[in-house]
Amino acid sequence: MSPLDLPPELRTRLRALSIVPRRAAALASAGMHDSRNRGGGLEFAQYRAYERGDDLRGIDWKLYARSDKFFVRDAERESPIAVWFVLDASASMGQVDLARPDWSRFDAARRLVASLVEIALYQGDRFGLIVEAADGPLVIAPGGGGRHRDRLLLTLAPIQPEGIARWERDVPVFGEQIGRNDLILLVSDGFDEACIATAERLAMSGRDVALFQVLTADERDFPFAHGYRFHDPETGREIVGDGRALRQDFNARFADARATLSARLEARGIRHVEHFTDESADVPIRTLFRSAGRA
């Protein structure tokens with residue numbers, strides 16, 4: 001299954017989640033973005049198959065009489081903000097786990113983006129995409145509805161992680177494209193200093209920034225028990241060593257690096273959550289925005 005094809009059970013869980021801007025309370029006081037925008041909206045958007053939990057009042061009974069199937073009429077309101085998905089497509093995102101060589105960090109990142117897109121679509125938000133790649137950023141301007149969702153996913157499907165992303169080169173693109181009230185959901189491994197510096201610059205400009213840091217299960221568990229050659233795909237550096245001998249030092253350094261990054265992001269007001277490649281995509285979404293709801 002493609003990372004962009006969401007399993008039915010995941011889709012069901014996503015319908016219970018929301019993407020919540022940090023300034024949700026202020027927006028709500030102005031009558032904006034205070035609830036899911038899809039459902040009782042102003043303009044008809046599309047039909048979709050009825051799913052358990054949908055409001056029965058949304059069923060098109062005339063269409064049911066013709067097709068003998070339940071369909072719901074979706075409508076959209078214009079949202080005052082846009083949700084931007086910024087995806088890191090540098091070479092380090094191609095890392096895989098020993099136990100699952102067919103599932104990379106980038107696959108997990110794309111499934112996470114596809115899941116977030118599904119939530120934004122259900123909420124009636126406008127959403128756009130920036131893929132930060134070595135040869136320059138790929139930008140899809142914000143839009144809404146099922147067709148825009150499909151366009152975004154079709155764009156993501158053939159992309160593969162490679163090279164070194166030039167975040168510092170592309171800061172002007174972010175500034176020009178992303179509105180001051182927009183929400184930026186950055187999906188990256190968080191290992192690139194320039195990536196984190198870009199997130200900080202965007203946050204300092206007043207934009208709402210959140211980081212989904214995608215980490216492999218091997219980085220969490222370090223299951224290496226024999227001699228290995230560890231290779232950095234971006235710099236070409238290599239370390240040869242015994243996994244068991246390296247484990248304790250790696251775990252300590254990795255824990256310290258994660259704590260340092262967390263403190264740095266919190267100091268800039270950047271929400272963040274870790275997402276491991278062996279987790280379901282809804283787990284970090286629930287964690288990040290549940291904590292936002294308590295803020």
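**Confidence of the model**

The mean pLDDT of the protein, where pLDDT is the predictor's confidence in each residue from 0 to 100, is 86, and 85% of the residues reach 70 or more. This is a predicted model, in which local features need pLDDT of at least 70 and side-chain atom pairs count only at pLDDT 80 or more, while totals for chains, interfaces and linings use all residues. Residues are numbered from 1 along each chain as its sequence is written, and side-chain values use heavy atoms, with hydrogens and water left out.

Over residues 25-43 the pLDDT stays under 50, and for this stretch the model has 48 contacts (heavy atoms within 4.5 Å) beyond four places in sequence.

**The cavity**

The structure holds one cavity of 30 Å³ or more. On a 1 Å grid over the protein atoms alone, a cavity is a set of points where a 1.4 Å probe fits but cannot get out, a pocket is an open set with protein on both sides within 12 Å along at least five of seven lines, and lining residues have an atom within 4 Å of a point. About 50 Å³ of space lies in the largest cavity, a volume being the space filled by probe spheres set on the points, which are joined across faces, edges and corners.

Among the residues lining the largest cavity are Trp-167, Phe-174, Ile-184 and Leu-202. The helices α6 (167-177) and α7 (193-204) and the strand β8 (183-188) each supply at least two lining residues, and α7 gives the most, with three; helices (H or I, at least four residues) and strands (E, at least two) are DSSP runs numbered from the N terminus. By class, this lining has eight nonpolar, one polar and no charged residues.

**The buried face of α6**

In α6, Trp-167, Asp-170, Val-171 and Phe-174 are buried, that is, under 20% relative accessible area with a 1.4 Å probe and protein chains only. Seen down the axis of α6, these buried residues fall within an arc of 145 degrees, taken from the directions from the helix axis to the C-beta atoms, so they line one face of the helix. What covers them includes β3 (82-88), β6 (126-132), β8 and α7.

**The largest pocket**

About 1,500 Å³ of space lies in the largest pocket. Of the 40 residues that line this pocket, the closest to its centre are Gln-95, Phe-191, Glu-219, Asp-232 and Phe-250. The largest share of the lining, 10 residues, comes from α9, and the lining has 15 nonpolar, eight polar and 17 charged residues, where Ala, Val, Leu, Ile, Met, Phe, Trp, Tyr, Cys and Pro count as nonpolar, Asp, Glu, Lys and Arg as charged, and the others, Gly among them, as polar.

Terms used
Buried means under 20% relative accessible area, exposed over 50%, partly exposed in between (1.4 Å probe, protein chains only).
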